[in-house]
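Colleague: Before I plan around this chain, could you take me through what can be read from its coordinates?

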Amino acid sequence: MPDYAAPMRVLLVEDNAADAMVAQAAVERASFGPAVVTRAANLAAALAIVDSTEVHLVLLDLNVPDSRGLATLESMRAAARCPIIVITAEDHPGLDEEALEKGAFEILHKGQLTTEAIARVLRLAEGQRKVQASLESAEHRYRQLIEVAPDAIFVHADWRIVLVNPAMLKLFRAERPGQLLGHDVLEVVAPQSRDLVRERIKRLYERRQTVPLTEFGFLRVDGTLFSAEVTAASFTYAGRPAAQVVARDVTERKNAELALLDSEARFRSLTELSSDWYWEQDADLRMSFHSKGFAQSAGITSDRLLGKRRWEEPNRLPLSGSWDAHRATLAARKPFRDFEYVRIREDGVRHYLSLSGEPIFDAAGEFQGYRGVGRNITERKEAEHALRSSEARFRSLTELSADWYWEQDADLRFTYLSPGFAERSSRDLAALLGRRRWDFDNVLPVSGTWEDHRRVLEAHEPFRDFEQVAVGADGARVYIASSGQPVFDDDGSFKGYRGVGTNITVRKNAEEKLAQLAQYDAVTGLANRNLLQERVEHAIAQARRRGRGAGVLFVDLDRFKLVNDTHGHQVGDQLLAQVGRSLKKCVRQDDTVARLGGDEFAVVIADLARPDDAAIVAQKILDSFAAPFELGGREAFITASIGVATFPTDGEGADTLLKCADVAMYRAKESSRNAFCFYTAEMNARAASKLQLNTDLRHALERREFRLHYQPKVNLATGEMIGMEALLRWQHAERGLVPPLEFVPALEDSGLIVAVGDWVVEEACRQLREWSRAGLALAPVAVNLSARQFRRRDLDQVIRRLLAEHGLSAALLELEITESSLMEDPKDAIRQLQVLREAGLRISVDDFGTGYSSLAYLTRLPLSTLKIDRTFVNAAITESNSAAIVKMVIDMAQRLSFDVVAEGIETKEHVAFLRQHGCDQGQGYHFGKPIPAEAMAPRMRRA
């Protein structure tokens with residue numbers, strides 16, 4: 001344990017001798033006790049002192065010969081376990097704040113090295129020493145305490161076990177601590193519990209959340225499994241996130257629980273043979289058990305009622321008597337039979353139930369609760385209700401067959417409304433009697449005016465289907481259609497009107513819904529493509545009148561398909577709805593946000609002062625996508641590509657603007673994604689070229705324009721060809737040989753890559769068969785699989801069939817898949833690779849090092865070979881970083897028992913470097929360019 005009574009040791013890191021003297025003198029004057037000042041003129045010397053000597057305080061100049069700026073602070077912060085005082089002559093905004101964020105204890109400017117300032121930081125440092133002493137003393141007591149604790153206790157930091165007590169060794173049957181210390185904490189967790197434990201540990205480390213008492217499965221040193229109750233709390237151990245875990249073996253208790261569960265299962269089987277269900281209440285009359293048939297019969301899951309009294313659940317009503325009467329029966333501990341009540345679900349469905357029960361007493365006569373049986377009597381009650389309804393319908397035969405009947409007097413005031421009026425129109429009958437139809441402020445004609453209707457009535461003419469709408473206080477609308485004819489007496493005198501009324505609310509709502517669906521998107525509620533066209537035309541017309549501009553933004557979500565494929569279309573629709581709401585927050589009320597379909601949206605910006613103002617809106621939209629979207633408890637991040645077109649710069653009509661914005665959007669997606677791009681004429685030309693390219697590609701396969709060229713793969717030690725890679729080439733009828741970088745991405749985008757990929761595999765097999773018939777010794781041929789082709793469920797069957805048709809061994813075909821394609825869905829990749837390996841095929845990871853592979857997944861992938869990307873190989877002899885990456889990949893491949901192939905070898909220096917570091921296979925222009933099959937045959941030896 002460090003001696004905190006010793007003099008304070010101060011490390012002064014300063015290359016300027018004069019500044020060092022000033023600082024040292026200030027320390028000696030300000031020190032309230034003995035202090036030893038050691039000076040280092042550069043960062044390397046300072047780090048050596050910190051590594052070999054206990055230092056209580058560091059005075060650090062940020063700019064020394066071998067390090068500049070905040071990098072100096074970061075290096076010292078990583079090495080020193082004491083306060084660091086930054087001394088700097090620089091004075092620019094933000095430096096002090098950045099230094100404090102990166103761990104500086106205090107900032108002193110060289111002009112402020114007064115005795116008082118130094119004294120203050122020395123006092124702070126001394127306080128830090130005392131706190132450290134207290135912490136180490138507490139840690140010593142903590143270690144003594146856990147040594148004698150009866151429960152198993154262990155500590156893990158950064159996923160590694162760093163401390164165990166004797167009880168832990170006993171519980172896990174370890175003879176010595178070394179059998180557990182240093183091991184990954186998940187190694188002692190049973191396989192079925194690891195995913196859950198991994199998630200809990202992440203929360204401990206990242207959110208510092210305590211894990212309450214929880215039961216997990218564990219794995220002893222001898223391989224046996226057991227269950228334990230665990231509590232865990234997070235803390236910091238040696239500066240790292242850590243957790244203390246307390247575990248108690250509950251295996252015996254679990255066995256007893258299993259026996260009890262078996263007994264209960266037999267009891268439940270008995271109760272489930274009956275159409276009724278069994279129930280229990282505790283002494284407080286709270287429901288404690290329902291047999292399995294309860295949920296189906298009662299229309300409610302058991303967990304919603306457990307722990308509650310029968311009358312505490314909402315929407316339950318006794319059919320006779322009251323809950324008070326029922327509670328009185330239970331309070332008197334009396335049995336009861338056929339207590340009936342109705343439960344009304346949220347959707348209005350009614351369940352009628354009947355219960356019978358008896359009290360339970362223990363051996364001492366103490367009341368323990370109730371138990372009994374329940375029965376669903378809904379069918380019986382519905383039959384009774386149907387009978388009453390039938391009687392009511394019979395009585396209604398005496399009424400008019402129309403929805404309701406009405407009469408008006410000669411002054412056009414209502415004198416009679418049949419009983420059906422109030423119910424069917426949702427209006428007060430008494431309020432309408434004695435008044436005219438137009439006397440209500442909340443009732444309006446659907447078309448025309450009241451004056452038009454009054455002219456018809458004053459002319460004593462009949463009318464049909466006169467539609468009105470009544471708006472309630474809550475905003476609810478009720479639509480009514482009235483038909484009437486005038487009434488005259490025998491003398492021909494006008495007496496009033498009579499007629500019928502019909503509630504047409506359902507029909508009108510349906511019509512409004514159809515109109516809504518015609519112009520608005522069902523998923524997001526935004527304007528659809530039809531309405532968008534109108535809004536763009538309106539914005540252009542308005543801009544012309546005002547002498548202003550207008551803009552159209554096409555917004556396309558990047559990699560939205562991955563969300564649909566991973567989480568399903570329901571979650572995808574939730575994301576689209578959230579994106580729609582987010583877009584609406586980014587624009588003004590007069591602007592329009594529309595969904596065009598799929599993952600494409602459009603924004604119409606009206607009244608645009610300058611074309612560049614559209615960029616402000618586009619950037620605002622991109623910034624809004626920086627926040628995660630909430631999808632069913634999970635966070636999802638997504639970006640967008642935006643194309644911008646403006647009126648009148650890019651076009652005068654709606655169709656032109658929409659087309660230009662679409663072209664610009666694809667340019668943004670091609671360039672970098674998560675960006676916006678304005679339309680230019682060049683983009684239009686490129687779009688036309690791309691369209692022609694896609695058209696030509698669709699004919700290329702049927703016209704047999706594709707070719708395979710073969711590049712040798714050699715043994716770097718002997719130069720002998722040990723295999724080859726088949727590379728796709730396109731011999732265009734007019735353009736000649738088209739570069740792969742130009743047409744392969746187009747194949748991917750159009751979906752043709754699957755058909756072309758199948759042709760590549762078949763052509764490689766056909767060529768191998770031709771070489772074999774020519775008497776040549778065959779070498780394995782590697783073919784590249786696209787991501788779409790790799791995800792095909794029948795890929796192994798297709799390849800097996802092709803090999804069989806051409807009489808080839810699976811060992812002669814090697815499949816190459818890029819690292820990024822594997823990482824799109826690692827779990828599915830593992831499944832697919834296992835199927836392909838079972839077919840006897842070798843699998844290579846192409847362009848390794850350019851993706852973002854998880855090493856945890858890499859160790860689980862059934863691979864054969866890693867191919868180092870050519871960019872690293874080319875730069876390995878001139879760039880230290882690339883050389884380090886190449887050496888790391890070679891070493892990792894060897895440790896995982898993978899072959900390793902270097903791509904892009906162009907010089908003998910490349911060969912020497914690769915051989916020196918253990919890579920024995922490679923390909924590149926140094927050994928030969930990709931050549932047609934007929935040119936490759938002379939390089940192959942005879943069989």
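This is a predicted model: local features need pLDDT of at least 70, side-chain atom pairs count only at pLDDT 80 or more; totals for chains, interfaces and linings use all residues.

Colleague: Which residue just after α23 takes a positive phi?

Modeller: The position in question follows directly on the helix, and its phi is about 80°. The residue that takes this positive phi is Gly-775.

Colleague: Which tryptophan of α23 is buried?

Modeller: Buried here means under 20% relative accessible area. In α23 that holds for Ile-753, Val-756, Gly-757, Val-760, Val-761, Glu-763, Ala-764, Cys-765, Gln-767 and Leu-768, and also for Trp-771.

Colleague: Is the protein chain compact or spread out, and what is its radius of gyration?

Modeller: The secondary structure of the protein chain comes to 32 helices and 39 strands. For 943 residues the globule rule gives 30 Å, and the chain is well over that, so it is more spread out than a compact globule, with a radius of gyration of 41 Å.

Colleague: What share of the residues of the protein chain counts as buried?

Modeller: The protein chain exposes about 49800 Å², of which carbon and sulfur atoms supply 50%. Of its 943 residues, the share that counts as buried is 44%.

Colleague: How far apart do the centres of the positive and negative side chains lie?

Modeller: The protein chain carries 121 positive side chains and 136 negative ones. The distance between the centres of these two sets is 2 Å.

Notes. Residues are numbered from 1 along each chain as its sequence is written. Side-chain values use heavy atoms; hydrogens and water are left out. Helices (H or I, at least four residues) and strands (E, at least two) are DSSP runs, numbered from the N terminus. The radius of gyration is taken over C-alpha atoms; the globule rule is 2.2 Å times the number of residues to the power 0.38. Buried means under 20% relative accessible area, exposed over 50%, partly exposed in between (1.4 Å probe, protein chains only). Accessible areas come from the Shrake-Rupley method with a 1.4 Å probe; for residues, only the protein chains shown count as cover. Lys and Arg count as positive and Asp and Glu as negative; His and the chain ends are not counted. The place of a charge is taken as NZ of Lys, CZ of Arg, CG of Asp or CD of Glu.
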